[in-house]
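I opened the model to look up its confidence, its nonpolar cores and its sheet. My entries follow in that order.

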Amino acid sequence: MDEDTQATLPGHAAAERATGERAPQRWVQGWRRIMLGAGMLVYPCLTAVAVNDNVSGAALVAGYAVVGAFCLCFVLTATAMVRGRRRQVLLLLAVMSALFLAALPFAHENAFYLATVVVSFVAVLRRRHATRVTAAATLAALLVPWAVPAWHTGPGTFQALALLFTVLTTGAFAEIATTNQALVAARAEVARLASEAERNRIARDLHDLLGHSLTAITVKSRLAQRLAAKDLDQSLAEMAAVESLSRQALADVRAAVTGYRDVTLAGELARGRELLRAAGVVADLPTSTDPVATQDGELFGWVVREGLTNVVRHARADRCTVTVTGSSVEIRDDGTGADGRTDGAAGGGGTGEGSGIGKGLRGLRERVAAAGGTVEAGPLSPRGWRLLVTVPPGARHGRAPARKGTT
């Protein structure tokens, strides 16, 4: 199942899928822990064999009792770690350290296999001190057998190497586990950010799409009312156009939600010309979009849609001019309704209709900024308003062509 399909799943289904994906990870991670723990039990077994070789009678029983108690503490420590009982783990490690010391008279140099288990836990729990503890334990495993003449042995080279490499392996496993957890957390954060970005995209697209369509419907409805008493046929034609616009608005909303909308500069110029005509505004719009690069056609289409919608809704203009070049699109009107046509970046958001315009300009700025362009919006002297969007050639060539459904 691809990501787009997964994003459309109902909430409970998506949750079940996410749970299903995490369950194998927990299962595999649990088996890894069990295998690592089972492998560590080899060292108490080696110590028990050494007890049998070095002592007999009551001392043999005492030695086995010490090794058995160590194994029991090991299982309890591993269980406490899984359950997050840190203080209990530290207490058990202290007991295991004491049992290691108690095993020295029975297992001699091979008792350091028990120290290997203890230091491995320290390497996982106390990473800041792991290097010092490992070095000290390795030296002890190497020198103590040589320093005790009664054991009749030289340096504990094999025991020291076993301790060193086992602790290094355990520490590496712990680092990998920590990194995997960080990656899982990062993946969850990326998914959350992607979901938030998609919600913002849908909100912005709905504002732009419905703002234009509903404005056109309102204008044409008023025109049809005025024509009803004078020219019934023309009034009916305008109402038919209202129906067509309503259907198109519904299709646009569905397209925006699914992420596959088709906004082109040529299409928006054609719709804008009809919208301005219905509003009684003289339209001076280009008849060709040839200068505009293909990858900028959708962006400039959004600019024309937003700009002309604002002209009709707020400008109270008599004339509107759109100028298109290869790197810019400019919309000018001679209206007097400049109040409230700014966003936060241009000098205040306003309230009521003004806040709607401000939100539209903010959304437009986001689109243009994502394309590497700039937006200029402000009043003209002595009257009117100017909206200019520029996308420098360097920014245009430095990005990939726009894909349907992205902004």
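These are my notes on each look-up.

**Confidence.** I am working from a predicted model. I looked up the mean pLDDT of the protein chain and found 77, with 79% of residues at 70 or more.

**Cores.** The largest nonpolar core has 41 residues, and I listed those that touch the most other members: Val51, Phe70, Met96, Phe100 and Val117. Helices 3, 4, 5, 6, 7 and 8 each supply at least two residues of this core. I checked which helix gives the most, and it is helix 6, with 10 residues. I then took Val51 by itself: leaving out residues up to four places away in sequence, Val51 touches Leu60, Gly63, Tyr64, Val67, Phe106 and Ala107. I also noted a second, separate core of 34 residues, including Leu227, Ala315, Ala317 and Val368.

I traced five strands in an open sheet of mixed pairing, ordered 1-2-3-5-4. Strand 1 (282-284) and strand 4 (374-379) are the edges, each pairing on one side only. From one strand to the next I read an average twist of 10 degrees. Strand 4 and strand 5 (residues 385-390) run antiparallel and are joined by six bridges; Gly378 has Arg386 of strand 5 as its bridge partner. Last, I followed helix 11 (residues 294-315), which lies across strands 2, 3 and 5 and runs at about 5 degrees to strand 3.

Technical notes:
Residues numbered from 1 in each chain as written. Predicted model: local features only at pLDDT ≥ 70, side-chain atom pairs only at ≥ 80, totals over all residues. Heavy atoms only, no water. Pairing = 2+ DSSP bridges. Helix = DSSP H or I, 4+ residues; strand = E, 2+ residues; numbered from the N terminus. Axes fitted to C-alpha atoms, helices over the stretch in contact; angles between N-to-C directions. Contact = heavy atoms within 4.5 Å. pLDDT = per-residue confidence, 0-100. Core = buried A, V, L, I, M, F, W, Y, C linked by side-chain atoms within 4.5 Å. Buried < 20%, exposed > 50% of the residue type's maximum accessible area, 1.4 Å probe, protein only.
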